[in-house]
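Visitor: Please take a close look at the aromatic rings here, and at what surrounds them.

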Amino acid sequence: MKISYKLLNLELKFPFNIAKFSRTSTPVLLLEIRYEEFRGLGEASMVPYMGENFDTAIAFLNQVDFTRFSFPFDMDEIIAYLDDIAPGQPAIKAAIDMALHDLTGKIENRPCFRLFKADSRKMPLTTYTIGIDTPGIIVKKVEDALSHNFKLLKIKLGRDSDKLLIDTIRSVTDLPLYVDANQGWEDRIKGVEMTYWLQEQGVLLIEQPMDKADIDGNAYITANSPIPIIGDEAVQRLADVEKAHGIYHGINVKLMKSAGMYEAFKMIKKARELDMSVLIGCMSETSIATLAGASLAPLCDFADLDGPFMTLNNPFKQPEFQEGRYVLSEKPGLGVEN
Ligand code: MG
């Protein structure tokens, strides 16, 4: 088993502003694992607030003894081994996990979604995310989303201008919306009022209304909201799903938080057992991580996998996308094409 990687600064089409920060590019590490004649691809997208970067990712890879892994890959054992090397660093672990799943699919000549028994016909619509911005830029973003045939938009809220932002969107489109407050709401009573107002504006769900540490505040909004409340920042890995039960209606699973597809799949199953809904989300990602997320998306209720539409220098072919949803191919593995 041989590994190689490339570092890439993934440039954003529009600077990304949410409640707590702003940025114009995202460092990603593209990993290739060669096993016999097969090549598996994985990706670590390292958004700054998660604390990983090129240096931490490379240092982690240098500690992994890849000769321990052989097909069929025992993912329980591999994830436990990676977690033993260092806690945290879920993005670089996700890159390894994805490359191993891509390899498994290629060795077995099956697409990755079949490894998880996902039904490609159940692919949910994907949202196009619109960050906090001036009305002029927001209109441009909506036009960009419409030009790609998106049927759903996700709006980042959490500042004082929330209502103005929704009014701006509504001046150009009637598409249904998801809202992500990114922990930006500070008052639970006003938060509940906002959920009713947002429902009237055609909003279908709200992500992470209050600070993830404010368990009572988030639980209060969930108990009183007419639309689903989804935990994102509060839910990273499998152990967090049970903790989120009773606080949120559902969870946002992201491969860059869960340390990859294998644990994301377990999180989806756990959420189902607890009767919670699941949104599969993404970071700024190339086609590799997007196709990995799309492979699990049919098992979820909602999808926000817009990475390739938010970036300018994705080195791979854009995943096939029709009428607002990804179309999974029968190609073995993740189906990444140059
Ligand atoms: Mg979110």
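Guide: Phe71 is partly exposed, because its relative accessibility is 27%; buried means under 20% relative accessible area, exposed over 50%, and partly exposed in between, with a 1.4 Å probe and protein chains only. Phe73, at 10%, is buried. This is a predicted model, in which local features need pLDDT of at least 70 and side-chain atom pairs count only at pLDDT 80 or more, while totals for chains, interfaces and linings use all residues. Residues are numbered from 1 along each chain as its sequence is written, and side-chain values use heavy atoms, with hydrogens and water left out.

The whole structure holds 11 aromatic pairs; rings of Phe, Tyr and Trp (its six-membered ring) pair if their centres lie within 6.5 Å, and planes under 30 degrees apart count as stacked, over 60 as edge-to-face and the rest as tilted. Phe66 and Phe69 make an edge-to-face pair, with 5.6 Å between centres and 75° between planes, and both residues are buried. Phe71 and Phe73 are also edge-to-face, because their planes stand at 80°, with the ring centres 5.7 Å apart.

Ring pairs also join Tyr128, Phe150, Phe309, Phe321 and Tyr326 into a cluster. Tyr326 is among the residues in contact (heavy atoms within 4.5 Å) with Pro308, neighbours within four places in sequence left aside. Pro308 is buried, at 3% relative accessibility.

Charges meet rings as well. The charged end of Arg68 sits over the ring of Tyr81, 3.8 Å from its centre; this requires NZ of Lys or CZ of Arg within 6 Å of the ring centre and within 35 degrees of the ring normal. Arg188 is placed likewise over Tyr220, at 5.8 Å from the ring centre.
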